Amino acid sequence: MPFHEFNCSTCIPERREHAVVKGPGEDLTSALPLGYLNTIPGSISERGCAYCGAKHVIGTPMKDVIHLSHGPVGCTYDTWQTKRYISDNDNFQLKNTFASDVKEKHIVFGAEGLLKKNIIEAFQAFPEIKRMTIYSTCATALIGDDIGAIAQEVMEEMPDVDIFVCNSPGFAGPSQSGGHHKINIAWVNNKVGTVEPKITSDYVINYVGEYNIQGDQEVMIDYFKRMGIQVLSTFTGNGSYDDLRAMHRAHLNVLECARSAEYICNELRVRYGIPRLDIDGFGFEPLSASLRKIGLFFGIEDRAQAIIDAETARWKPELDWYKERLKGKKVCLWPGGSKLWHWANVIHEEMGVEVVSLYTKFGHQGDMEKGIARCEQGALAIDDPNELEGLEAMEKLKPDVIFTGKRPGEVAKKIRVPYLNAHAYHNGPYKGYEGWVRFARDIYNAIYSPIHQLSALDISKDEIPADKGFITRRMLSDIHLTPEIRDSSEMRQYTGGYDSVSPLRERDYPYMNESKALV
Amino acid sequence: MTCEVIQKGRSGVINPIFTCQPAGAQYASIGIKDCIGIVHGGQGCVMFVRLLFSQHFKENFLIASSSVHEDGAVFGALNRVEEAVDVLLMRYPDVKVVPIITTCSTEVIGDDVDGVILKLNRGLLQEKYADREVHLIAVHAPSFVGSQVSGYDVAVEAFVSHFAKKSEPSGKLNLITGWVNPGDVTVLKQLLAEMQVDATVLFEIESFDSPIMPDKSGESHGSTTIEDLTGTANAIGTLALNRYEGGRAARYLENEFGIPSIIGPTPIGIRNTDTFLHNVKALTGKPIPQSLVRERGKAIDALADLVHMFLAEKRVAIYGHPDLVIGLAEFCIDLEMKPVLLLLGDDNTTYKNDPRIKALQSGVDFEMEIVLNADLMELEDRIKNKELNLDLILGHSKGRFVAIDNNVPMVRVGFPTYDRAGLHRHPVVGYAGAIWLAEEMANTLFTDMEYKKNKEWILNVW
Amino acid sequence: MEEDVLKERVAQLEDFILKKCLWQFHSRAWDRERQNEGVLTKTTQILCGDPVAKETAEDRCYWVDAVVLAEEYRSRFTWTASLTVPEIRVLMAALKDRIDYVTITGSLNKELTVKQY
């Protein structure tokens with residue numbers, strides 16, 4: 001097994017099997033790190049907790065819901081305003097967060113009464129919202145509060161409200177992934193099948209494992225609606241609580257982030273016979289193949305093809321402009337879970353960059369299988385990386401850019417490596433054809449930033465190039481290009497606007513009107 | 001004309017002003033050199049706090065977790081602390097100070113952190129790290145008590161009480177800043193330097209604002225040393241600027257070592273800065289030099305340009321850390337403004353006895369409300385449903401949507417201020433802070449006038 | 001087909017699946033068996049010109065992955081045009097064995113045998 005041993009981790013032998021290099025002749029049967037095991041205490045891992053996996057990652061993107069955490073205030077505060085999952089109802093769920101504010105006396109005497117008061121107060125504060133999710137936390141799980149019983153009591157007293165309970169305290173699993181699992185299963189057990197939807201199309205899907213980061217969901221929903229497909233629910237980005245109770249009526253589950261949401265798709269397949277189709281919304285070719293498959297499923301592949309042709313014609317020349325300038329640039333692909341495989345191959349194929357390393361904070365071995373399968377030879381794959389290993393890897397690999405989270409991005413900054421936010425994006429959305437160009441544009445802007453160039457100069461001993469007042473990105477990026485490519489009239493830089501999502505909310509969809517008319 | 005002090009009526013929190021104690025303890029710990037804390041609890045208690053600091057400072061800070069998982073929650077997790085200490089010490093050879101910060105989970109399960117520290121001191125540290133100076137310090141920070149404010153207070157006391165050791169008088173002044181920004185520390189040190197006062201600053205966090213260096217050596221961490229902390233027992237006096245963030249440590253030093261202390265007031269605004277200098281003079285006997293008379297004069301000059309023309313009568317709501325909020329309110333009143341609503345965001349029952357609150361109650365000449373145990377819903381509800389008219393909000397970034405959605409201009413101040421660039425570099429304390437605050441408030445009002453076309457032409461001649 | 005040619009061609013087809021597809025990486029062994037069988041059987045049928053069952057939702061879902069895979073194979077690997085039907089069957093059977101090995105029998109993923117989702 002081609003394990004990679006970090007110098008900084010020789011003293012913790014348990015780490016030895018958590019990093020591999022996919023060398024020549026290696027495949028998944030010889031190169032796969034361990035994954036989803038308990039974290040080594042004190043290693044300064046990047047992992048979060050199961051509460052955040054349930055509440056922050058999957059629960060909160062649901063837009064028309066009061067998201068109440070039963071516990072001390074910190075869990076709630078900490079998972080508030082640290083994500084970019086927007087919604088088309090003026091971001092209610094981004095703006096408002098609710099904590100039962102458990103104090104010492106409640107720890108001693110129980111906090112169920114406090115919780116009940118909280119639930120009622122929260123509905124009173126937002127009378128237009130009739131749906132609630134409640135999340136347990138470490139403290140209230142340990143004192144054994146029966147949240148489900150309290151929720152049931154309130155629902156009996158207030159018949160117009162509906163409450164979902166997710167018991168996923170922070171300690172429930174090695175990482176946030178434990179919470180993904182718990183909320184998937186809790187939702188399918190308790191809520192799916194409790195609402196019968198109005199079916200308005202012959203083509204009905206759930207869009208699963210999509211969290212509307214900077215509008216990703218809305219970009220994809222736009223394509224689906226252009227095909228005349230009724231999206232019954234999105235699990236959970238920009239998703240509606242009652243829509244998600246009706247998931248059982250879809251003809252097809254279209255799954256994006258299998259890491260966080262494959263469980264519910266698997267259960268829906270077993271319980272309701274809805275097949276699971278895994279897709280990629282990132283990248284021209286994978287997205288085109290995905291739209292085509294969905295079209296084929298319903299016998300409307302011509303509609304898919306029309307979108308693919310129009311979008312490709314519109315945006316491919318812009319993607320190619322960046323590809324020419326990003327070729328050979330070295331990337332550390334260091335996201336949380338699914339993006340390591342969503343992006344590993346397609347950024348290489350469509351943007352020309354070399355993925356020199358991939359890591360996953362909370363992924364399982366299944367994510368690493370996909371990621372390692374999709375990356376090129378020589379890439380260093382790390383499970384549950386820690387601070388020192390990340391630094392050592394960057395020193396060794398010398399990436400031109402890394403895709404990771406906000407805080408690890410600050411680590412990279414200090415060793416003069418620019419970063420792009422892999423979770424929240426810089427200037428997304430990154431899904432869809434235009435989104436993919438936006439991603440390429442952001443990578444280009446990061447790698448060819450004149451400021452990052454300046455960071456290498458030591459004015460105390462280097463020769464200061466005093467002949468220039470400025471440098472443009474193109475002076476840096478175009479220097480090795482042939483004149484034909486540099487001056488190509490076929491290719492162009494990104495021409496979209498700052499906000500590519502809001503205009504989608506105003507669109508009209510002829511096929512949707514047509515299918516409505518049928519009903 | 002009354003100033004009413006009330007409690008939030010609801011039992012829960014909608015849109016909190018604070019996070020919990022462990023975050024405060026972590027903020028204190030990153031101020032110490034060669035210190036990496038271990039937070040004993042679930043991983044989220046660290047991951048999100050590190051994210052919060054990185055949002056505010058746009059920097060990375062090292063804090064470790066004992067990563068308590070299901071088995072630990074059921075059977076006890078002290079073995080996780082033991083392993084965490086060993087792993088941390090093995091991989092970070094410079095680390096000398098390791099606070100073990102508890103959380104709700106490990107307090108509920110009753111992990112004896114003090115006991116395990118004793119065990120580690122006698123066992124692991126002697127067996128494996130005998131030639132190394134290592135301090136393990138228990139910081140009890142259950143999340144269901146107090147807030148980030150008390151967590152900071154508890155941690156500062158834990159550090160001081162662990163290290164402070166009586167020897168020869170140092171002639172130095174202890175300056176406990178409370179929860180401030182690097183820009184504040186710079187200003188405080190400048191003031192002390194002008195007075196030729198040698199001070200131990202808890203904590204030296206100017207280095208949080210760290211560079212990108214050509215040799216990649218830049219790193220953000222505090223620079224208060226073990227020697228600094230040890231020497232606090234030998235100072236001529238302690239000045240704790242914030243009653244609720246560092247006050248405990250000042251009292252500890254006074255009770256334990258007889259170090260005279262003055263707690264507060266937070267030196268926000270001219271008047272409180274004057275008092276600060278007065279207190280420095282009282283504790284050190286050093287005179288206030290002409291240079292500060294001049295600096296003060298420049299600040300008053302700047303304020304005179306703004307107060308009665310632009311700031312007078314402006315109605316302000318302020319939320320955040322209690323010492324900060326009270327200091328800002330006092331300054332606003334000096335600026336002829338009307339801080340009509342103050343929101344203090346935790347259940348500390350002593351705020352209502354704070355002499356500064358009492359003084360507001362007896363002294364203000366307009367309707368003022370102070371809400372204790374408040375959340376941001378208390379602010380939003382008053383604006384939306386109770387006809388509270390505001391010209392300005394002062395507070396941290398978590399309340400940004402109250403300002404945005406209700407079209408009230410807002411000056412970001414306090415912690416965190418992640419939705420504005422570089423505010424941690426700017427002071428709110430001292431004369432320099434008075435200038436920055438007043439001008440920031442004025443410019444924010446000006447921008448709002450222009451955006452709303454509300455007598456924007458008035459700025460043509462000024 | 002010579003043994004080494006077969007091996008080389010299977011490797012090309014395998015590489016495409018591993019880099020571009022997701023259906024082979026469901027999380028449990030029993031699902032991977034089902035998926036591999038479903039998609040690769042239908043891909044073989046399409047490449048051989050056999051009738052393909054696609055009436056049930058489950059079959060249809062395999063079929064859409066198979067259609068796209070077959071199209072890609074035909075356009076990317078032009079040598080497929082020169083194969084006889086029996087040769088395609090041999091090739092695809094070898095591919096199925098290989099994919100089963102990489103994703104199931106030879107897989108190092110310890111979660112494949114976890115009893116529940």
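Predicted model: local features only at pLDDT ≥ 70, side-chain atom pairs only at ≥ 80, totals over all residues.
C:Asp15 counts as partly exposed, at 38% relative accessibility. Both residues belong to helix α1 of chain C, where they sit four residues apart, about one turn of the helix.

Stay with that helix for a moment. Helix α1 of chain C covers residues 3-20 and also holds C:Asp4. At 55% relative accessibility, C:Asp4 counts as exposed. On the surface, C:Asp4 gathers with C:Glu2, C:Glu3 and C:Glu8 in a patch of negative charge.

Now let us look at salt bridges in the other chains. Over all chains, the count comes to 86 salt bridges. In chain B, one of them links the side chains of B:Lys384 and B:Glu380, at 2.5 Å from N to O. These two are four residues apart in helix α17 (residues 376-385) of chain B, so about one helical turn separates them. B:Glu380 has a relative accessible area of 10% and is buried.

A:Arg407 pairs with A:Glu387, and their closest N and O atoms are 3.3 Å apart. A:Arg407 lies in helix α18 (residues 406-414) of chain A and A:Glu387 in helix α17 (residues 387-397) of chain A, so the pair ties together parts that are 20 residues apart in sequence. Are these two partners buried or exposed? A:Arg407 counts as buried at 6% relative accessibility, and A:Glu387 counts as buried at 8%.

Next come the strands. Strands of a sheet pair through backbone hydrogen bonds, either parallel or antiparallel. In chain A, strand β10 (residues 330-333) pairs with strand β11 (residues 354-360) in the parallel sense, over four bridges. Strand β10 of chain A also runs parallel to strand β13 (residues 401-404) of chain A, joined by three bridges.

Which strands make up the open sheet of five? The order is β5(A)-β4(A)-β2(A)-β3(A)-β2(B), and the pairing is mixed. At the edges are β5 (162-166) of chain A and β2 (13-14) of chain B, each of which pairs on one side only. Follow the sheet to where chain A meets chain B: strand β3 (residues 98-99) of chain A and β2(B) run antiparallel, joined by two bridges. Here A:Phe98 stands opposite B:Ile14 in β2(B).

To finish, return to the surface, this time in chain A. A:Phe470, A:Ile471 and A:Met475 form a nonpolar patch there, and together they have about 300 Å² of accessible area. A:Met475 is found in helix α21 (residues 473-477) of chain A. With a relative accessible area of 40%, A:Met475 is partly exposed.

How values were computed
Residues numbered from 1 in each chain as written. Chains lettered and ligands numbered in written order. Heavy atoms only, no water. Patch = residues over 30% accessible without salt bridge, like charges linked within 9 Å, V, L, I, M, F, W, Y side chains within 5 Å. Areas by Shrake-Rupley, 256 points an atom, 1.4 Å probe, with all protein chains shown as cover. Salt bridge = Lys/Arg side-chain N within 4 Å of Asp/Glu carboxyl O. Lys, Arg positive; Asp, Glu negative; His and termini not counted. Charge placed at Lys NZ, Arg CZ, Asp CG, Glu CD. Buried < 20%, exposed > 50% of the residue type's maximum accessible area, 1.4 Å probe, protein only. Pairing = 2+ DSSP bridges.
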